Amino acid sequence: MKQTEEHSFLKEARAPLKGVQVPLEEDQAPLKELDEWDDFVATRYRQGKSEEEFRNYKADANPTVTEFYRQNHKYQTLDFVLKKKAEYCGLTRGKKSIWEMAEYLNTLVDDSDPDTDVTQIEHLLQTAEAIRKDGHPRWFILAGFLHDLGKVLCLYGEPQWAVVGDTFPTGCAYSDQVVFPEFFAANPDSGKPEYQTQYGIYEQDCGMDNVHLSFGHDEYIFRVTEKYLPEEAQYMLRYHSFYAAHRHGAYRHLMNDHDEAMFEWVRKFNPYDLYSKGRERPNMKEILPYYQDLVSEFFPDKIDW
Ligand SMILES: [Fe+2]
Ligand SMILES: [Fe+2]
């Protein structure tokens with residue numbers, strides 16, 4: 001899709017980001033583009049791969065992806081998560097439509113190759129279209145369209161490690177089912193014994209809603225959209241990057257029966273996220289009216305972000 005016209009708010013929203021410079025002890029944007037992480041995950045779970053091949057995921061991770069995980073595991077502490085939830089989950093950044101945000105997210109494509117890389121909106125539509133072709137309900141298709149909109153966090157100035165990456169619970173022992181578990185040694189929470197027991201600050205079967213997962217685009221888009229979507233869709237959005245749980249069955253000791261039932265939907269959603277990228281580019285002109293209808297069915301014109 002060509003970006004000829006920009007909503008005026010996009011220009012305003014982008015302008016203040018230019019000068020944002022956080023003092024860094026290292027380059028906190030090791031990924032050339034955010035999608036490098038998504039591509040790594042898709043390769044990691046390539047269809048037909050055996051469990052043993054999966055265990056060898058490091059072979060699929062290039063040095064930038066590895067560096068990205070090193071930072072993600074080092075900096076995502078319980079304190080950090082609580083701080084970011086306080087900052088973003090009150091949805092105080094103003095009212096915008098879903099479409100305005102989708103176009104804003106599309107400005108993330110700068111470094112990618114326009115011939116081979118799909119734009120952010122194209123990824124969302126490819127995911128949604130794959131769900132639609134399989135005859136799933138409208139809310140499921142909508143979840144596909146919305147699921148990565150939370151990546152606008154990156155445009156708010158958040159470092160890559162606070163936007164994407166496999167999510168994991170903070171405040172309790174790390175599972176070795178999370179990729180690159182060795183990088184957790186550098187996380188300050190590793191030195192806090194009260195956070196390193198199996199349950200940590202939580203209780204058995206306390207329910208995922210009480211667990212503070214590492215912060216990122218999943219949590220943010222869940223918070224923005226939760227009151228407009230059925231619960232199955234909420235779970236899809238909130239936990240789609242929680243691979244240790246939905247692919248490997250880790251952290252079941254924190255889940256309640258309701259989570260167990262709802263994670264079936266997270267698992268149903270995952271293949272569409274992982275495997276729709278290789279498909280043909282969506283014909284935007286043809287399908288946009290359908291998605292405009294779909295979005296209007298569930299959302300008012302503007303919502304809080
Ligand atoms: Fe995602
Ligand atoms: Fe995605």
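Is Tyr69 buried or exposed in this predicted model? At 0% relative accessibility, Tyr69 counts as buried (buried means under 20% relative accessible area, exposed over 50%, partly exposed in between, with a 1.4 Å probe and protein chains only).

In this predicted model, local features need pLDDT of at least 70 and side-chain atom pairs count only at pLDDT 80 or more, whereas totals for chains, interfaces and linings use all residues. Residues are numbered from 1 along each chain as its sequence is written, chains are lettered from A and ligands numbered from 1 in the order in which they are written, and side-chain values use heavy atoms, without hydrogens and water.

**View 1. The iron site.** Asp148 (OD), His217 (NE2) and His240 (NE2) coordinate the iron ion (ligand 1) at 2.0 to 2.2 Å. Donors are N, O and S atoms within 2.8 Å of the metal (3.2 Å for Na, K and Ca); water is not among the atoms, so sites may look incomplete. Asp148 also coordinates the iron ion (ligand 2), 3.7 Å from ligand 1. Asp148 is buried at 0% relative accessibility, and His217 is buried at 1%.

**View 2. An aromatic pair.** Phe68 and Tyr69 form an edge-to-face pair, with 5.3 Å centre to centre and 70 degrees between the planes. Rings of Phe, Tyr and Trp (its six-membered ring) pair if their centres lie within 6.5 Å; planes under 30 degrees apart count as stacked, over 60 as edge-to-face and the rest as tilted. Phe68 is buried, with a relative accessible area of 0%.

**View 3. A charge over a ring.** Arg93 lies over the face of Tyr156, 3.7 Å from the ring centre (CZ of Arg or NZ of Lys within 6 Å of the centre and within 35 degrees of the ring normal).
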